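Colleague: I would like to go through some of the labels on this structure. Please show it first, then tell me what each label rests on.

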Protein chains: 2
Amino acid sequence: MRAMPASVTLLGIDGLPEFAEGDDVGALLVQACAAQGTALTAGDVLVVTQKIVSKAEGRVVDLNTITPSALAVDFARRWDKDARAVEVVLSESVRVVRMENGIVITETRHGFVCANSGVDASNVGTGSVDFVVLLPEDSDASARRIRDRVRELVGIDVPVIVSDTFGRPWREGAGDVAIGVAGLEPLWDYRGKHDNDGRELHSTVIAVADELASAAELVTNKLTRVPAAIIRGYPYKPGESGIAPMIRERDKDLFR
Amino acid sequence: MRAMPASVTLLGIDGLPEFAEGDDVGALLVQACAAQGTALTAGDVLVVTQKIVSKAEGRVVDLNTITPSALAVDFARRWDKDARAVEVVLSESVRVVRMENGIVITETRHGFVCANSGVDASNVGTGSVDFVVLLPEDSDASARRIRDRVRELVGIDVPVIVSDTFGRPWREGAGDVAIGVAGLEPLWDYRGKHDNDGRELHSTVIAVADELASAAELVTNKLTRVPAAIIRGYPYKPGESGIAPMIRERDKDLFR
């Protein structure tokens, strides 16, 4: 039974530095939590936005080192884009799902279908517009490293979600989703349970990790440098599956 | 500037009855909030799941009154479905987006693209499996009615989101999204703002109403009758646009 929490609290983590390659994300988060009087405790979930994780892992590309392909040059010319950035997007993908109206939707190596392979040009933090940030190479491993470091430093096991902001079909506006998970089950499966009429709930699997990422976005912020959040009081289900169960198999998907 | 909240609290609303046609949702929510010691206060957002709203509005269909079309009969036979339920799904849609693998994705009159036109057979509450629940006729109007009733009863203006659980392409697991809004802007638009490198944020529009709905799902529950939540401390932007800005125009959508 999915336990009913009395209340869940979302706490933004403030006072973090601009991140650069080699930074110890876990240690910096632990320090920042303590400094603002919300030291991590058992039962917390830590949601860390992708940008700081990628920067700490050195996943930043200088566009001056990129030679765009003919496809990238053509697409960039037609849609007023930087051909070098388009090239990076294509090289970070395993498959192009849509490439029209100036929009590139790809499937990444991780299996995510998203705009621009998750490559982002905002908030790079280099003081230059010639850099872009890539997704972590292995976002589950990124989450595990932060979780392990936190456990090492404060002696408690806090599940970690690495989140990113994805758009979606049919609805305007993007929302945060999980791209890496360590220590909790990303899906909550109601199948086999029964409702109050005795009818079996056939198809209700809840994307808990995405809902936690979305909730965290309410207290993180793209402009004021609050790149992580604590979720306190949510009765998550521990697990070691990583993000994999959340990625729909290609042949079950009606929109690829 | 989107203000940075210190913390946001999610509170499930417990102790509500099984809803039936004619029930005063606003009044019952006000009473239940007070009874559990979390009376509504200024700044709160109320998230109400679709099922109780639809039931209170009498949007329940007895499948014994439905005569399925040949299309519904054929699809139901092939995929082991109830042809009468398939007929209701089709009649609640303005367009079928996909109808394969036993899955029906439609566009509803409201403009939502979702499975089964939002028609749901679980938790109908009639004690029979021969009933299904439809989406509210006008889910913005549903949200407005609850907001107006709360204002009438407790004298404060609390924005209301009516939420439903939708699946999505590419990712397993469903999540709650907004289907009706009253009193807050559903989208937060960062466009025109600048990041720390002075680069304009070109395309970051956040689906705040969906994130609030998702967050609320963490404290509501399909099995233990917690069909609504208070979100306390989120600095929403007041607005009267309803859900419309969140519905992508058909010719801008790459997946229809």
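Modeller: First, a rule for handedness: a crossing is right-handed if the near helix is turned clockwise from the far one by less than a right angle, and left-handed if anticlockwise. Also, this is a predicted model.

Colleague: Which hand does the crossing of helix 1 and helix 5 of chain A have?

Modeller: The crossing of helix 1 and helix 5 of chain A is right-handed.

Colleague: What makes helix 6 of chain A and helix 6 of chain B oblique to each other?

Modeller: Their axes, over residues 208–217 in each chain, come within 8 Å and cross at roughly 125°. Roughly perpendicular stops at 115, and roughly antiparallel needs over 145. The two helices are therefore oblique. Their crossing is left-handed.

Colleague: Which residues make that contact?

Modeller: A:Glu211, A:Ser214, A:Ala215 and A:Glu217 on one helix, with B:Glu211, B:Ser214, B:Ala215 and B:Glu217 on the other.

Colleague: How do you know that the span of helix 5 of chain B agrees with its 16 residues?

Modeller: At 1.5 Å a residue, helix 5 (residues 139–154) of chain B should span 22 Å. Its end C-alpha atoms are 23 Å apart, which agrees. The buried residues of helix 5 of chain B include B:Ala143, B:Ile146 and B:Val150. Just after this helix, B:Gly155 takes a positive phi of about 75°.

Colleague: Why is A:Asp82 called partly exposed?

Modeller: A:Asp82 has 17 C-beta neighbours inside 10 Å. Buried needs 20 or more, and exposed needs 12 or fewer. A:Asp82 falls in between, so it counts as partly exposed. This residue lies in the loop between helix 3 and helix 4 of chain A. Beyond its neighbours within four places in sequence, A:Asp82 is in contact with A:Leu63 and A:Ala76.

Notes: Residues are numbered from 1 along each chain as its sequence is written. Chains are lettered from A and ligands numbered from 1 in the order in which they are written. This is a predicted model: local features need pLDDT of at least 70, side-chain atom pairs count only at pLDDT 80 or more; totals for chains, interfaces and linings use all residues. Axes are lines fitted to C-alpha atoms, for helices over the stretch in contact, and angles run from 0 to 180 degrees between N-to-C directions. Helices (H or I, at least four residues) and strands (E, at least two) are DSSP runs, numbered from the N terminus. Angles under 35 degrees count as roughly parallel, over 145 as roughly antiparallel, 65 to 115 as roughly perpendicular and the rest as oblique. Two residues are in contact if their C-beta atoms, placed from the backbone, lie within 7 Å. The expected span of a helix is 1.5 Å times one less than its number of residues.
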